[in-house]
Amino acid sequence: MLLLRSHHLLLPHAARLLLRRAAPLPRAAAAARFRPLRMSTSNSNSSASSPAAPSPPPAPAAPKSRIPFCPACGSPTKLAVPDGDEKMRAVCSSCGRVHYENPKMVVGCLVEHENKVLLCRRKIEPAYGLWTLPAGYLEVGESAAEGASRETLEEACADVEIVSPFAQLDIPLIGQSYIIFRARMKTPNFSPGVESLECALFALDDIPFDSLAFSSIIVTLRMYIEDVKSGNIKFHYCTINKRIGAGASDLRSFDIDNHLAV
């Protein structure tokens, strides 16, 4: 028995005599007697057949600032709640300045011409190849109406005159607020700009709702169609609550709340 021989020198003399007189175990019994134990990651008091305890859920990722560096001095920022505030802000680790993240303003035009509306098919991401109203981010130094006219000229090469504000749409989840103006073309000329694949006038019944780019455009056009059919075009305000993880143009990816029409 190799296992016992390996401990021969460690046993007292009397024990060695007893071992010599003991009958050797059958090979199967010896293997069973000295079979190594299998260690379990569960509690040592639990049965070997008990299932392992479930792993604890991973710790949530630490929030990161969208402003990683201080615009004033270039030092890294850290997230902290400034004195007198209630929210986490990006605070410079060097100069201590607090930097705020504010919503983006998007402006655009709903261009009306002979009972049709002007749409552009996007040549850029996001929503490449889908249809939208000419719209984009407001620039510093211009009014909302000026920005909407500029975006229409850039995307549809159309020179327009603003008629009236039509809708303001807030999208809190992505930090955007839209202002859409009704407008008319000064001359009936338009063509694709550098960000558009094509531009076209659509009758209201022919608007390609299955191929529209954004929830804001879907909501705006639905409201406009309802107003035209009722014979009373109003100014609209609403909140678009997008569902986390859903596509931007998914018709089921948002809910409309706080709708006001005046």
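The model is predicted. Its largest nonpolar core holds 31 residues, and a search of the whole structure finds 0 disulfides.

**Nonpolar cores**

- Within the largest core of 31 residues, the members that touch the most others are L119, I207 and L221.
- Two or more residues of this core come from each of β4 (104-113), β5 (116-122), β8 (160-171), β9 (176-185), β10 (196-203), α5 (215-230) and β11 (236-242).
- Helix α5 gives the largest share of this core, 7 residues.
- I207 is in contact with V117, L119, F202, L212, L221 and I225, leaving aside its neighbours within four places in sequence.
- Another core, of 14 residues, lies apart from the largest one, and its members include C109, C120, A158 and A183.

**Helix α4**

- Helix α4 has 13 residues, and the distance from its first C-alpha to its last is 18 Å, close to the 18 Å expected at 1.5 Å a residue.
- The buried residues of α4 are G147, A148, R150, E151, T152, E155 and A156.
- These buried residues of α4 pack against the strands β4, β5, β7 (135-137), β8, β9 and β10.
- C157 follows α4 and has a positive phi, near 50 degrees.

**R150**

- R150 is found in helix α4, which covers residues 144-156.
- R150 counts as buried because its relative accessibility is 19%, and the cut-off for buried is under 20%.
- A polar atom of the R150 side chain lies 3.1 Å from the backbone oxygen of Y137.
- Leaving aside neighbours within four places in sequence, the contacts of R150 are Y137, L138, E139 and E142.

**Cysteines**

- A disulfide is a covalent bond between the sulfur atoms of two cysteines.
- The cysteine sulfur closest to that of C120 belongs to C199, at 3.6 Å, and this is too far for a bond, because a disulfide requires the two sulfur atoms to be within 2.5 Å.
- C120 has a relative accessibility of 1% and therefore counts as buried; C120 is also among the members of the 14-residue core.
- C238 is buried as well, with a relative accessible area of 0%.

Methods
Residues numbered from 1 in each chain as written. Predicted model: local features only at pLDDT ≥ 70, side-chain atom pairs only at ≥ 80, totals over all residues. Heavy atoms only, no water. Core = buried A, V, L, I, M, F, W, Y, C linked by side-chain atoms within 4.5 Å. Buried < 20%, exposed > 50% of the residue type's maximum accessible area, 1.4 Å probe, protein only. Helix = DSSP H or I, 4+ residues; strand = E, 2+ residues; numbered from the N terminus. Contact = heavy atoms within 4.5 Å. Polar contact = N/O pair within 3.5 Å; in protein donor to acceptor, adjacent residues only side chain to side chain. Expected span 1.5 Å × (residues − 1).
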